[in-house]
Amino acid sequence: MQDPEASSFETDAQPRWYVIQCKGGESFRATEHLGNQGFEVFHPVLEVQKKRRQKLTWIAEPLFPYYLFIRLDKVASNWRPIRSTRGVLKLLTFGDEPIAVDDALIAVLRDHPAGMADEGANVYFRAGDDVEITDGPFRDLQAVFQSQKGEERAIVLLNMLHKQQRLEIPVAQLRRRS
């Protein structure tokens with residue numbers, strides 16, 4: 001017959017993934033500081049296209065805002081420095097027990113990174129999106145996004161004189177209509 005405490009010790013000694021809640025907007029800082037302390041951290045991010053200074057740029061954003069994953073075991077790991085690490089709010093628990101995440105979930109997130117678009121693909125506008133022209137001679141007119149031409153130019157369909165006209169304008173002059 002196996003000793004129940006021995007089997008509990010074996011499972012506690014195996015490293016598991018746990019969830020850390022970060023302070024608002026500080027998940028990248030928490031990842032950096034935990035990594036500097038020698039912890040194995042996984043912070044899934046995705047690349048998104050956003051307008052910055054009238055130009056579309058790619059920005060890394062957390063897949064799970066305010067959360068990241070840390071690999072620890074209950075026996076060998078020193079858990080104390082975690083809660084005082086810059087950017088960390090707390091380790092998520094259920095009652096007094098930290099919440100372990102299945103290794104398979106972490107493996108899926110690592111193998112299939114989110115937000116990986118085809119090279120050159122525009123994810124900010126899609127064909128058929130209703131857009132508004134924000135600058136230039138066609139300012140405040142509504143159009144339909146058709147395609148992107150290069151990195152900074154777009155082709156839109158504009159209703160003029162009872163006919164759809166193709167118009168090439170800078171992508172920075174477009175805004176998605178809601």
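**View 1. Tyr-66 in the loop between β4 and β5.** In this predicted model, Tyr-66 lies in the loop that runs between β4 and β5. Its phi is positive, about 80°, although Tyr-66 is not a glycine. Most residues other than glycine have a negative phi. The residue is partly exposed, and its relative accessible area is 45%.

**View 2. Asp-140 in the loop between β10 and β11.** The loop that holds Asp-140 is found between β10 (130–133) and β11 (142–149). Asp-140 is not a glycine, yet has a positive phi of about 70°. With a relative accessible area of 47%, Asp-140 is partly exposed.

**View 3. The buried residues of helix α2.** Helix α2 spans residues 27–36, and its buried residues are Ser-27, Ala-30, Thr-31 and Leu-34. Viewed down the axis of α2, these buried residues fall within an arc of 100°, and they therefore line one face of the helix. An α-helix has 3.6 residues a turn, so residues three or four places apart point the same way.

**View 4. Packing partners of α2.** The buried residues of α2 pack against several strands, namely β1 (16–22), β2 (40–42), β4 (55–62), β5 (67–72) and β6 (88–91). They also pack against a helix, α3 (80–83).

**View 5. Gly-38 after α2.** Helix α2 is followed by Gly-38. The phi of Gly-38 is positive, near 95°.

Notes
Residues numbered from 1 in each chain as written. Predicted model: local features only at pLDDT ≥ 70, side-chain atom pairs only at ≥ 80, totals over all residues. Heavy atoms only, no water. Buried < 20%, exposed > 50% of the residue type's maximum accessible area, 1.4 Å probe, protein only. Helix = DSSP H or I, 4+ residues; strand = E, 2+ residues; numbered from the N terminus. Arc of directions from axis to C-beta. Contact = heavy atoms within 4.5 Å.
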